[in-house]
Amino acid sequence: MTIAAAPALTLAPSPEERAFRETIHAITAAYGPAYYKKCYVENRTPVELWRELGEGGYLSVHLPEEYGGGGGGIADLAAMLEETAAAGCPLMALLVTPGIVAPIIQRHGTEQQRREWLPEIGAGRLRFALGMTEPGAGSNTHNIATTARRDGDRYIVNGQKYYISGADTADYILLVTRTGTDAKGRGQITMLAVDRDAPGLVRQPIETALEEPEHQFTLFLDDVEVPVERRLGEEGHGLRALFDGLNPERILVAAVSNGIARYALEKSAEYARTRKVWGDTPIGAHQGVAHPLAEGKIKLEQSTLVTSKAAALYDAGLPAGEASNIAKLASAETGIFCLDQAIQTHGGNGMAREYDLTSYWWLTRIQTIAPVSRQMILNYIAEHSLGLPKSY
């Protein structure tokens, strides 16, 4: 990785960043929780908000100017994702196309791929899904069983993918495939962009507890043909390209969790300031209510700071694996804590859908499981940060 600049971690937002965040928040708040729930109930993707963010240039703030972007970094995209979540629309789909796939295309795509795909991604007109996870592989990417066999100017793909988000609305699915085996018996990874409706590709919905507009799918691939020009990176060396999308993924997941925590804290603090049960004293005057919210605020400040550190390291071209994993875990746990305390503060009203809290619960909870589990993050820190023996 090339070092672009010394990492810059500001402890207070600049006027430009503040204005950027306020604009994103205002755009999203005009849609708000009601719109988010409406899209879920109607079983459709939030295309209106996605389109407005794209047309405003906010989906491309981190992309190079030569491809229609704003010339910023992952820190800018993280700010956008945090603000959309804080305004009641935590769109996990924004993680995949602008946050994971676009950096991979930028770093490993051909010039033709960059010019064809990046401007369309930034404008909100092109969407990708990431086809990585499989039933038998879990977190072990080397163990994937989906194969891609080179046949002239195309690849023939066979296999199965599991828990693929947004596979029904994406234009392409970026498949992580095995094209060989190395000397250690590990799969040699190749990444291929396959058309969503390619012959031989079948989608099967997975029913989950998640109440979000995006849905999960199992994909079955039976002799699916993918042109060679749709390969991203070198054949057999796709893991290197994939990892260039996974650190941004962790940072952006952290940003969404931080945004949900902010949303929950703001709603619960407002409720605690105004809710009166015993005379004219608001419930927020009682330490049993106030202290958990104060603790949530402290956790949020901590997780936001480490998320900013991870983004600054990544944007500077420095190793960001440790910081990205710490940010992801800390923010996920902060989101759960703050949302749970918000529900508790509201008492019985916390269970009422009109208060717009419970609909975010499972989305918040899943952040400790996906896209990398709490246990795998602790394994990473134990091994790479503390030098402990590998445990898996």
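These legends walk through several close-up views of the structure.

The model is a predicted one, in which local features need pLDDT of at least 70, side-chain atom pairs count only at pLDDT 80 or more, and totals for chains, interfaces and linings use all residues. Residues are numbered from 1 along each chain as its sequence is written, and side-chain values use heavy atoms, with hydrogens and water left out.

View 1. UniProt, in an unreviewed entry, lists residues 14-124 as "domain: Acyl-CoA dehydrogenase/oxidase N-terminal". That span is 68% helix and 0% strand, with its end C-alpha atoms 27 Å apart. The unreviewed entry also gives "domain: Acyl-CoA dehydrogenase/oxidase C-terminal" for residues 236-384. Here the chain is 72% helix and 3% strand, and the end C-alpha atoms are 25 Å apart. UniProt positions follow the numbering used here, feature names are shortened, and annotations may be inferred rather than shown by experiment. Helices (H or I, at least four residues) and strands (E, at least two) are DSSP runs, numbered from the N terminus.

View 2. A search of the whole structure finds two cavities of 30 Å³ or more. On a 1 Å grid over the protein atoms alone, a cavity is a set of points where a 1.4 Å probe fits but cannot get out; a pocket is an open set with protein on both sides within 12 Å along at least five of seven lines; and lining residues have an atom within 4 Å of a point. Points are joined across faces, edges and corners, and a volume is the space filled by probe spheres set on them. The largest cavity holds about 80 Å³ of space. Its lining includes Tyr36, Trp50, Met92, Arg127 and Glu214. By class, the lining has eight nonpolar, one polar and three charged residues. Nonpolar means Ala, Val, Leu, Ile, Met, Phe, Trp, Tyr, Cys and Pro; charged means Asp, Glu, Lys and Arg; the others, Gly among them, are polar.

**View 3. The second largest cavity.** This space is about 50 Å³. Among the residues lining the second largest cavity are Trp50, Phe128, Ser165 and Glu214. Two or more lining residues come from each of α5 (93-108) and β1 (128-131). The lining contains five nonpolar, four polar and two charged residues.

**View 4. The second largest pocket.** About 1000 Å³ of space lies in this pocket. Of its 35 lining residues, Pro13, Glu17, Arg21, Thr304 and Ser308 are the closest to its centre. Helix α8 gives the largest share of the lining, 10 residues. The lining divides into 15 nonpolar, seven polar and 13 charged residues.

**View 5. Helices α7 and α9.** The axes of α7 (residues 238-274) and α9 (residues 321-345) come within 7 Å and cross at roughly 20 degrees. Axes are lines fitted to C-alpha atoms, for helices over the stretch in contact, and angles run from 0 to 180 degrees between N-to-C directions. The two helices are therefore roughly parallel to each other (angles under 35 degrees count as roughly parallel, over 145 as roughly antiparallel, 65 to 115 as roughly perpendicular and the rest as oblique).

**View 6. Two loops.** Ala370 and Pro371 are joined by a cis peptide bond, with omega about 0 degrees. Pro371 sits in the loop between α10 (361-365) and α11 (374-385). Asn43, in the loop between α2 (32-41) and α3 (47-55), has a positive phi near 60 degrees and is a residue other than glycine.
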